[in-house]
Amino acid sequence: MSSLNRMNTRILPTSFNYYEPRTIDEALKLLSELSPEVRILAGGTDLIVKMKARQVEPKNIINIKRIEGLRYITEEKGKIKIGALATWRDLEKSWQISKKIPALFDAISVMGSVQVRSMATIAGNLCNASPAADSAPPLLVHGAIVKASSIRGTREIPLDKFFLSPGKTILMPDEIVVEIEIPVPPQRSSSAFLKLSRTAMDLAKASAAAYLEVEDGKVVDAKIALGAVAPRPVRSLSAEAELIGKPATEETFSLASRQVVKDISPIDDIRSTASYRKKVSPILVEDALKLAFSRIRGELG
Amino acid sequence: MLNIAERYSFIGKDIPRRDADSKVRGLLEFSTDISVPGMYYGRIVYSPHPFADIEEIDTREAESMGAVVITPKDVPSKPFNIRLVSVNEVTFKDWNILTFSPRYLGDPVAAVAAPSEELAQKAAESIKFKFRKVYDPILDAFESMGSQSAPIREKILKGEEEIPVRRNVGAELNYLEGDLEKGKREADVVIERAFKTNRRYHFQLEPKTSLCVPEHDGRFSIYTTTQTIHNTRILIGQVFGIPLSKISVKRIPIGGSFGSSIQTNLVTLISVALCMKAKKPVKISLTREEDMYDHADYEMHLKLRVGARRSGELTFGELVNIMDIGAHQVQAYPLLGTALGWFVSLYKWKNIKYEGKAVYTNKTPSCAFRGYGAPQISWAVESIMDELAEELGMDPLDLKLKNYVGLGDVFWGQGPTVRSVIRSDGVKELVEKGKQLIGWDRRKPPSMKQGRYRTGIGFGRSFHTSGAGGPISGEVIDYTGATLKLNEDGTLDYITALQDHGGGTLEAHAKIIAEELGVPPHLINIVPSDTSVTPYDVCTHASRGTYVGGEAAQIVKSKVFEAATRILPKAVNPEAFKLVYDETLEQAVVYVEGMKDMRITLSEIARTSWQRNWGTIAATVSYRATSAPPTFTVFFVEVEVDTYTGNVKPKRVVAGADLGTVINPKLAEGQLHGGFVMGWSMAYLEDTIYDRRTGELLNKGMVVDYKIPTSQDSPKLEDFKVIFANTYEPTGPYGAKGLGEAALNPVAGAVANAIYNAVGVRFYTLPITPERILEAISGGGKQ
């Protein structure tokens with residue numbers, strides 16, 4: 001049957017059991033009982049849309065939004081910690097993010113509308129595992145770690161290892177993301193994120209984040225990540241290799257950015273074409289590198 | 001000469017819209033907000049195949065759930081056309097309410113109604129089909145006309161006569177004028193180009209809704225999304241065989257339309273059919289996704305050949321217009337004529353050949369979209385005129401001013417049977433002013449541009465008619481009506497069937513009446529009305545609509561003067577009276593010039609007529625405009641192209657309009673802003689793309705993958721200048737002309753010309769996306 005007959009976006013056209021745990025332990029216990037036929041609801045900006053469009057029809061839904069103590073942004077021991085229920089809007093208003101994780105702040109300001117940012121969570125954006133997720137490239141270049149809990153305990157997953165394929169993460173069915181941790185970057189470093197989309201408030205056709213650490217005019221560390229140009233958000237190790245140890249110049253950035261085509265595998269879809277994505281990926285990376293570098297220089301005066 | 005605002009009490013002044021406050025606060029009720037006790041919710045079941053024949057529809061499970069179900073067997077089977085605008089003899093009929101022969105994915109094949117939306121949804125999903133035959137969808141107009149293609153339709157009705165459909169061509173119109181061969185011989189330069197437009201979705205704010213309520217006395221009340229309550233009533237009457245006196249269609253505020261509800265929507269007919277079977281009120285609200293499968297713009301494949309002498313004088317114009325109309329005819333035949341009308345009324349080609357075909361495909365049916373083909377034709381013509389100018393070594397502005405159809409010329413925008421002579425024309429004035437404001441003389445050719453970011457300036461010119469009226473009764477029905485009554489305290493009730501799409505049509509009526517009778521607009525009640533209490537009105541379409549209120553007001557005025565002769569001693573001749581709005585009294589005063597004691601307020605006259613049993617002062621008129629004068633528009637657009645990414649930004653806009661007297665300047669400016677954004681979107685963003693294999697929309701109808709510009713994608717307000725020409729249209733009310741569509745028509749042409757001026761590449765397919773631009777300027781354009 002055509003999807004048109006099954007879709008009814010005015011209502012939720014499916015039946016499901018709904019749970020609203022008040023503690024994380026209660027949530028984990030429920031999750032272990034109900035998995036794998038269960039979905040976690042936080043902001044709902046992805047899940048509810050998919051349910052209305054009948055792309056997913058979960059038997060059980062656990063709404064974690066009522067759990068106390070999961071909505072925070074703190075900094076301790078050189079780490080910025082973001083609770084699973086922190087919304088994009090919370091991050092947008094946080095001086096730690098705008099000052100210390102500039103690429104993420106860039107991404108926030110071009111993700112959705114204020115209304116969507118006020119509902120959606122960053123953790124949810126990662127768990128949705130869209131190749132185009134706006135939070136992924138910035139968090140990848142900042143070396144973020146995802147903390148996942150189950151009744152079996154809590155483990156730390158580097159974001160590099162988190163995404164598998166469109167919609168798929170490495171999380172076990174009974175696991176839930178409880179926190180995202182980002183190391184506070186050193187001085188003389190900065191980052192930037194850029195994306196191309198059809199209009200403002202749109203999903204990315206292609207996006208790129210760059211992280212640079214510069215000492216005495218030399219790149220001492222660099223990370224590059226791209227979105228919407230592979231089955232998952234990807235790092236470009238080829239480009240990074242061309243940056244580290246080189247002088248921080250426009251020429252270096254330009255040469256390195258051309259390497260990214262080796263690490264991407266874009267496709268044609270309704271938003272753009274493979275050939276376009278291939279052409280603009282190096283441009284985005286180069287522009288992001290330049291922007292990050294200009295921020296470093298700005299900071300150094 | 002006094003300026004407009006000084007000459008008039010209300011016209012030309014900015015007065016807030018009466019519905020603005022309630023719209024902003026969400027208090028205004030649209031059709032979908034209306035509920036009645038005991039109401040059932042309806043859902044439409046669509047064919048899962050875009051091209052198939054159904055053997056059997058199994059509704060048992062749905063019925064066992066307690067739902068009321070209708071299939072093609074439950075509804076009248078005689079084909080009709082959902083748009084009543086042409087006279088019957090040239091109305092092409094291929095529609096049914098529900099069909100066993102679905103011809104696009106989204107063709108309604110059954111419908112259900114149940115006490116809750118959830119139950120209705122479940123019931124709809126339970127319906128099963130057995131197909132006799134499933135065909136591969138035909139999604140291309142040229143493929144459709146090929147000898148290998150299966151017939152999408154074999155027979156349709158033209159009027160009451162059954163006619164065969166050959167090669168999937170639903171309607172044709174050809175035209176010849178002058179001597180084409182002579183025109184070709186005289187041409188020093190000839191250019192031929194093929195253009196393809198996009199198939200845009202209207203994206204009106206309100207998805208279509210219909211609520212049909214059976215009344216206790218056997219009547220039906222209908223609350224639905226429509227631009228025409230009367231045609232909706234007539235069609236319901238014709239299709240179901242219900243006397244018109246038993247149907248009342250209410251005029252409900254409409255959340256925008258852009259032409260998408262110019263016809264009676266199928267959802268309305270389905271709600272009536274369900275209501276008749278269920279004997280309950282039934283409401284169906286389309287979801288956004290269903291709405292996107294319901295209607296789209298006409299996709300046009302235009303082949304243009306034009307010629308000119310070295311002097312820049314045009315010698316001929318040839319247009320082949322192959323329209324992909326989707327699975328049904330809404331107004332394909334009249335559009336073939338109108339497309340020709342836009343073409344011949346843009347420039348003086350002198351010798352003209354036109355070939356138009358409307359071709360069926362297995363896509364969502366096309367219907368009118370703001371501009372009704374003029375945005376498409378204007379894009380192609382304005383592009384080729386720029387190319388011609390370049391070839392001739394002329395400034396495109398000079399070439400266009402030399403050849404455009406203007407003052408004193410015969411003009412037939414709405415097609416061959418709707419002709420009139422142009423009596424007001426502000427094109428030259430607008431071009432002169434616009435040229436200065438945009439800095440046209442500083443414009444450089446693309447060859448002189450370099451670097452990553454390149455700017456370009458483009459110009460586009462077009463027009464639209466004000467209505468589809470004319471001196472003779474042609475193939476198009478166009479008249480309207482209204483009732484105006486003077487209340488017992490001197491205020492007014494204005495009763496009309498005309499709809500306001502959001503452009504402020506009725507607000508303009510109120511202002512014209514206010515000007516005529518000296519009653520401030522806020523004391524004129526625009527009565528919530530329905531078909532039972534209003535004279536016939538064809539539709540709020542073709543940017544028409546400002547005439548009829550003034551006509552009624554003039555009759556009321558003469559009756560007021562008659563009443564004045566009965567009140568004032570010595571008064572004999574009603575003609576001697578004048579009426580003026582007195583700002584200190586804040587009301588109208590009737591007086592005789594130079595006679596101090598011959599003066600009385602309008603409210604006094606109203607009160608006296610009541611107290612002395614003279615009866616109500618009122619007028620009901622039915623009115624046909626004798627001309628459809630053109631509103632001319634010009635756009636100058638500056639864009640910036642990022643040659644590394646293909647992204648284009650609109651930097652500056654000068655929008656010029658000759659709409660005669662400007663009744664409400666702020667609303668008119670708003671129309672031009674909106675027109676630009678819509679035209680920008682047409683040029684740069686929009687298309688409904690089909691999956692070639694399944695015939696589904698690639699975006700499945702989801703707005704996440706149908707993009708229109710946001711305010712962030714639009715030019716800044718300070719970079720958008722609006723200019724109005726200082727003209728007066730003698731056939732218009734207070735010298736006014738319509739604006740809604742003219743505000744859009746030239747935009748895509750101007751944008752395309754600006755992009756060309758920036759990068760030196762011309763695009764013949766819409767939309768001109770960054771992908772297409774980058775492909776064309778090759779290798780990322782790094783230089």
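This briefing walks through a sheet in chain A, a helix pair in chain B and the domains of chain B. Please keep in mind that the model is predicted. In chain A, five strands form an open sheet with antiparallel pairing. In chain B, helices α11(B) and α12(B) pack at an angle of about 110 degrees, and the domain assignment lists domains 1, 2 and 3.

**The sheet in chain A**

- Reading across the open sheet, the strand order is β4-β5-β10-β6-β7 (chain A).
- Strands β4 and β7 (153–158) of chain A sit at the edges, each pairing on one side only.
- On average, neighbouring strands of this sheet are turned by 25 degrees against each other, direction ignored.
- In a regular strand, side chains alternate between the two faces of the sheet.

**Strand pairs, from one edge to the other**

- Strand β4 (residues 73–76) of chain A runs antiparallel to strand β5 (residues 79–83) of chain A, and four bridges join the two.
- Across this pair, Glu76(A) stands opposite Lys79(A) in β5(A).
- The hairpin of β4(A) and β5(A) has two residues between the strands, and there Lys77(A) takes a positive phi near 50 degrees.
- β5(A) is also joined by five bridges to strand β10 (residues 176–183) of chain A, again in an antiparallel arrangement.
- Within β10(A), Ile180(A) is the bridge partner of Ile82(A).
- Strand β6 (residues 145–150) of chain A pairs with β7(A) over six bridges in the antiparallel sense.
- Here Val146(A) has Ile157(A) of β7(A) opposite.

**A helix pair in chain B**

- Helix α11 (residues 374–392) of chain B and helix α12 (residues 396–403) of chain B have axes 8 Å apart, at an angle of about 110 degrees.
- The two helices, α11(B) and α12(B), are therefore roughly perpendicular to each other.
- The crossing of α11(B) past α12(B) is right-handed.
- From α11(B), the contact uses Met385(B), Asp386(B), Leu388(B), Ala389(B) and Leu392(B), while α12(B) supplies Pro396(B), Leu399(B) and Lys400(B).
- By type, the residues of this contact are six nonpolar, no polar and two charged.

**Domains of chain B**

- The domain assignment gives domain 1 as 34–135 + 205–256 + 261–294, domain 2 as 299–471 + 627–781 and domain 3 as 480–537 + 548–623.
- Between domain 2 of chain B and domain 3 of chain B, the C-alpha centres lie 41 Å apart.
- Seven residues from domain 2 of chain B and eight residues from domain 3 of chain B make up their contact.
- On the domain 2 side of that contact in chain B, four residues are nonpolar, three are polar and none is charged.

Conventions
Residues are numbered from 1 along each chain as its sequence is written. Chains are lettered from A and ligands numbered from 1 in the order in which they are written. This is a predicted model: local features need pLDDT of at least 70, side-chain atom pairs count only at pLDDT 80 or more; totals for chains, interfaces and linings use all residues. Domain bounds come from an automatic or database domain assignment. Two residues are in contact if their C-beta atoms, placed from the backbone, lie within 7 Å. Ala, Val, Leu, Ile, Met, Phe, Trp, Tyr, Cys and Pro count as nonpolar, Asp, Glu, Lys and Arg as charged, and the others, Gly among them, as polar. Two strands pair if DSSP finds at least two bridges between them. Axes are lines fitted to C-alpha atoms, for helices over the stretch in contact, and angles run from 0 to 180 degrees between N-to-C directions. Angles under 35 degrees count as roughly parallel, over 145 as roughly antiparallel, 65 to 115 as roughly perpendicular and the rest as oblique. A crossing is left-handed if the near helix is turned anticlockwise from the far one by less than a right angle, and right-handed if clockwise.
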